[in-house]
Every structure is written in structure tokens, then in C-alpha cells.
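Here is my note on the model you sent.

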Amino acid sequence: MAVFTPVTASDLGHWLTHYSLGDPIDFRGIASGIENSNFFLTTTQGEFVLTIFEKLQPQELPFYLDLMRHLAARGVPVPDPVPRDDGALHGLLHGKPAAIVTRLAGQAQLAPQPAHCAQVGAMLARAHLAGRDFGDTQPNLRSLDWWQTTAPALHPHLDTVQSDLLATELAHQTTFFASDDYRQLPGGPCHCDLFRDNVLFVAGDSGNAGNAGNAGADRLGGFFDFYFAGCDKWLFDLAVTVNDWCVDLDSGALDLPRAQALLRAYQAVRPLTDIEARHWQDMLRAGALRFWVSRLYDFYRPRSAELLQPHDPGRFERTLRARIDAPPPSVSALPL
Ligand SMILES: Nc1ncnc2c1ncn2[C@@H]1O[C@H](COP(=O)(O)OP(=O)(O)OP(=O)(O)O)[C@@H](O)[C@H]1O
Ligand SMILES: N[C@@H](CCO)C(=O)O
């Protein structure tokens, strides 16, 4: 159960006095999620999600909430933060920062097919383009600097082969990030965590999103969980997305039909530059390293007093090895 901060009916009633959202009809904790406390809230005015931020500080929230507002205003399907009556997008609930956002329709598609991946690719490209005129510029806080700072604490937990892989890949990425090519990669606000569980699909005719015979009828309802977002290279965001949506989760191997569908749809909206195409494998490796490091960090340094099962770091160790061992098909060679 991932509600770390309980909210009573009385807490909610008081909290809602800051908003013009009508009267509460239903309020329930959301079991999934490992970062924050989330609740579905239905009021006489609609359906919303209340999030209490367990780690982020109030001063850290504007980048994420303003970015969501910015994208929502440009027709990108993301939760739109609801302003309080005083205009603020967040306040304090039980001493922790909290916000209400609009609820997206649909359910997660955990066994995606090419038709789902295509919608994700197109939406990601649209989000990248829509973010170009966003004013704030917070970097991705889980990028190279963080990997470098975090790695020393991980090595004692790794065997020699894993330790070598971590050190070697970190050296590879340090060189890549310092290169002229890297500097020339286009970028802007990125989601940086666009995994299957952060995208919702509304079921097609079958009434069951992702039904094997009817994936093409499922419609992407939106994507959420912006709290790892930051300004980064667009190619990194694409690599993170492909490493989750277009792989065999056991082996980490790329699934070609899904990867092609996602990349074609992305490129139909924003074609990759030659430099991006040249560094696709480097960036897939970077995307795998990012989540290997964060999952190792969460695994070996869990927060106290919480019974959550941390995500399996081995999945991204396998993904990283797979990206190093088997160069992906050239993106520029994919027919549009
Ligand atoms: N705006 C939204 N609309 C619909 N459902 C949402 C929305 N925000 C969150 N949810 C639901 O709440 C669940 C938990 O949210 P989320 O994944 O953001 O958890 P978290 O703890 O904040 O982050 P993490 O994914 O890092 O664990 C989601 O799986 C989704 O079902
Ligand atoms: N998507 C991350 C969790 C943090 O949102 C992971 O699977 O490791």
C-alpha cells in the first residue's frame, strides 16, 4: 500500500476549502506508486488526483507543475494541476507539499503491442515540441552527475563483474556527455520516466485496453508522473521510453516490431537529426544505466519503515548488457 501519509475525511474537507472544486463525493488511496501518496478524488465538479509529495520540497514543485500546465494548455494529454483559490498550484497537507491535478482516463497497458507503442512515440514527440517554449530550465536531476555521485555507494554491493560494468559504462557515458556531438543533440523539457505504468489507454471496442485482437482501437488517454522530469536531450527521453516499451522484460532485448512502431511514429512528428541517429546506441545505454543505478540505489538504501518491494535492478543490468552487446537497428534506416 503506497499511501505513506493518511488523509482523513476531516483533513480533506479542510484542504478543499482552498479550492473551488465543489463537494467531495468519493476519496480513496491509490495502492500503486512508490514515491508519493496518491488519492483518487471525485467531487461534484469532476475527477481528480491528490498527490502528497513524500520527498520533494515545496520549492522543487513549480518546475513539474508548471510544465504539466504548459503541456496541458497545448493539448498534450497530461494531468493539469488545479490552481487553489489563491492561485498557487500546491500547498501543505500534513506539513508536506501537496497538489490536485485532473484525473486522466484509462488504464495502464503493461503488455503493449506495436499499436500502443506508436501512440506513445507520437505523443512523446508532440510533448517534446510543445515544451520548446517552456520558460523554466531545471536539468534532469537523475543524469550523469547523479550517477557519478551515487556509484561509489553501490560498488560495495556488487560482484566484480557488475562493478566492472558499472565503472566501464560510467566512463563511456562520461566521455559521450563531454563530446561535441552530445552538445549538439537537441533537447528541452523531458519526462525522463515514461514507463508503461505512467501511460494510460482507454479501451477500444473490446472494453479491455490492450485486448490482443483490438490494440489498434485503444486510445492513449495520457501520461503522468512528471516528478523525474527535467531538461535533457530529447534522445535520452526517447531511449528511456524505448527501453521500457519495446523490450522483452526478461532478457532486455529490443522487440523490433514495437521499437519500429514507436520510432516511426516519433519521427513522423519529429525526425531525428543525423547526430541523434549516430548516437542512438550510446543513448539507449545511458537510459539503461540511469535506471540500473536508481534501482540499485533504491534496493540497497531503502527508506525506513516502508514495506514496499523495490523494483528489480537486475532488469536494467540485463538491459544495459543487451544494449552494449547488440547494437540496435540503425534508426535512420527505419522507413518512415
Ligand atoms: N492524473 C492521473 N490520472 C489518473 N490516474 C493517475 C493520475 N496520477 C496518478 N494516477 C494513478 O496513481 C498511480 C500512482 O501514481 P504514480 O505512478 O505517479 O505514483 P508515484 O508514487 O507518485 O510515482 P512512481 O511511479 O515513481 O512510483 C498510477 O499508477 C495511476 O494509476
Ligand atoms: N520508472 C522507475 C520508477 C520511478 O518512477 C523504475 O521503473 O525504476
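1. Ser32 puts a polar side-chain atom 3.2 Å from an oxygen atom of ligand 1. The side chain of Asn38 has an N or O atom 3.2 Å from an oxygen atom of ligand 1. Leu104 works through its backbone: an N or O atom there lies 2.8 Å from a nitrogen atom of ligand 1. Bear in mind that this is a predicted model.

2. How much of ligand 1 does the protein bury? Alone, ligand 1 exposes 610 Å², and the protein buries 88% of that. The ligand is surrounded by 18 residues. The closest are Ile34, Glu35, Asn36, Leu104 and Asp225.

3. Next, the domains. The domain assignment gives domain 1 as 9–102 and domain 2 as 107–333. Their contact draws 21 residues from domain 1 and 26 residues from domain 2. The centres of the two domains, taken over C-alpha atoms, are 26 Å apart.

4. Interface size is often quoted as the accessible area lost when the parts come together. Here domain 1 and domain 2 bury about 2100 Å² between them. Carbon and sulfur atoms give 67% of that area. Which three residues of domain 1 supply more of its buried area than any other three? They are Ile34, Phe63 and Tyr64, which supply 32% of the area that domain 1 buries against domain 2.

5. Now the polar side of the interface. The rule finds 1 salt bridge across the interface of domain 1 and domain 2. Arg74 and Asp133 meet in a salt bridge through their side chains, at 3.4 Å from N to O. On the side of domain 1 that touches domain 2, the classes are 13 nonpolar, 3 polar and 5 charged residues.

6. Ligand 2 has its own shell. The residues around it are Asp193, Phe195, Phe228, Phe291, Arg295 and His311. By class, that shell holds 3 nonpolar, 1 polar and 2 charged residues.

7. Two side chains of that shell deserve a look. Asp193 has a side-chain N or O atom 2.5 Å from an oxygen atom of ligand 2. Arg295 places a polar side-chain atom 2.6 Å from an oxygen atom of ligand 2. Taken alone, ligand 2 exposes 260 Å², of which the protein buries 90%.

Notes:
Residues are numbered from 1 along each chain as its sequence is written. Chains are lettered from A and ligands numbered from 1 in the order in which they are written. This is a predicted model: local features need pLDDT of at least 70, side-chain atom pairs count only at pLDDT 80 or more; totals for chains, interfaces and linings use all residues. Side-chain values use heavy atoms; hydrogens and water are left out. Domain bounds come from an automatic or database domain assignment. Contact means heavy atoms within 4.5 Å. Buried area is the accessible area (1.4 Å probe) that two parts lose on being put together, summed over both. A salt bridge is a side-chain nitrogen of Lys or Arg within 4 Å of a carboxyl oxygen of Asp or Glu. Ala, Val, Leu, Ile, Met, Phe, Trp, Tyr, Cys and Pro count as nonpolar, Asp, Glu, Lys and Arg as charged, and the others, Gly among them, as polar. A residue is near a molecule or strand if one of its heavy atoms lies within 4 Å of it. A polar contact is a pair of N or O atoms within 3.5 Å; within protein, one must be able to donate a hydrogen and the other to accept it, and residues adjacent in sequence count only if both atoms are side-chain atoms. Accessible areas come from the Shrake-Rupley method with a 1.4 Å probe; for residues, only the protein chains shown count as cover.
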